[in-house]
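Me: Could you walk me through this structure? I would like to start with the ligand.

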Amino acid sequence: MIICYNFFMKNLKNALLLKQLYQLKQLGYQYTDITPFKEDDLDLSLPGTLVSLQKQANQCHLCELSKTRQKVVFGEGNPHADIMFVGEAPGAAEDSTGKPFVGRSGELLTKMIENVLYLSRNDVYIANIVKCRPPGNREPTPSEAYTCKPYLLKQIKLIKPKIIVTLGSTAYFYLTGDETPIGKARGSVFNKEHYIVVPTYHPSYLLRNPSAKKEAFQDLLKIKSLMG
Ligand code: URA
């Protein structure tokens, strides 16, 4: 956790330094030995509300994904949700709308929320491990995932969900650090300090492998029982 935070802060400082050097270049500087900013003057902590956190994420250029994205897909839903769903990364539909899980796998996720948990999408919060679409829907690289993770951790801190349902192996691994394959980990309960994580299959896996829907249904029933 500390490594990931330090990594993010280093990237953030480098990005701010680069921005200031570009500004100096535009002013005609070719060489400078002035310190563009004093680190002590900078507030590098992440904002303390979801709205301001989203504003910051919308302007994020800390990784390569920012170069190819159309929209940052921050996440959406009830800011006080008891249950939060975390997917892997936005796809094409999400990239063009800025909303999570609105494509085909999103339709299935909505059905799972409504028809098994008897909740509406507005009752829960939905986010992803990375906020920008990886080109060609490839898996996010570890560097992209760890760079983006502080945004997710801050979302979790602000929303304070009781249950986080990770969708697929990528989301489960980057949230918990547990490398157990999803086929084994699904349906189990991973205790974190302030919430529990329940992994299940990613809806896009279920679309490709409809026979796994039975197990996903069992996982949802378990989540429902944990909701109390
Ligand atoms: N798949 C994901 O993991 N997240 C989305 O938002 C959409 C598809």
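**The ligand and the sheet**

Reply: A backbone N or O atom of Ala89 lies 3.0 Å from a nitrogen atom of the ligand; a polar contact is a pair of N or O atoms within 3.5 Å. This is a predicted model, in which local features need pLDDT of at least 70 and side-chain atom pairs pLDDT 80 or more, while totals for chains, interfaces and linings use all residues. Residues are numbered from 1 along each chain as its sequence is written, and side-chain values use heavy atoms, without hydrogens and water.

Me: How far is the backbone N or O atom of Glu88 from an oxygen atom of the ligand?

Reply: The distance is 2.8 Å. The protein buries 93% of the 240 Å² that the ligand exposes when taken alone (accessible areas by the Shrake-Rupley method with a 1.4 Å probe).

Me: Which residues surround the ligand?

Reply: Among them are Gly87, Glu94, Phe101, Ser105 and His202, where near means a heavy atom within 4 Å.

Me: New topic: in what order do the strands of the sheet run?

Reply: The six strands form an open sheet with mixed pairing, in the order 1-3-2-4-6-5. Strands are DSSP runs (E, at least two residues), numbered from the N terminus, and two strands pair if DSSP finds at least two bridges between them.

Me: Why is one side of strand 1 and of strand 5 left without a neighbour?

Reply: Strand 1 (76-77) and strand 5 (190-191) stand at the edges, so each has a single partner strand.

Me: And how do strands 2 and 3 pair?

Reply: Strand 2 (residues 83-87) and strand 3 (residues 125-128) pair in the parallel sense over four bridges. Met84 has Tyr125 of strand 3 as its bridge partner.

Note on methods:
Polar contact = N/O pair within 3.5 Å; in protein donor to acceptor, adjacent residues only side chain to side chain.
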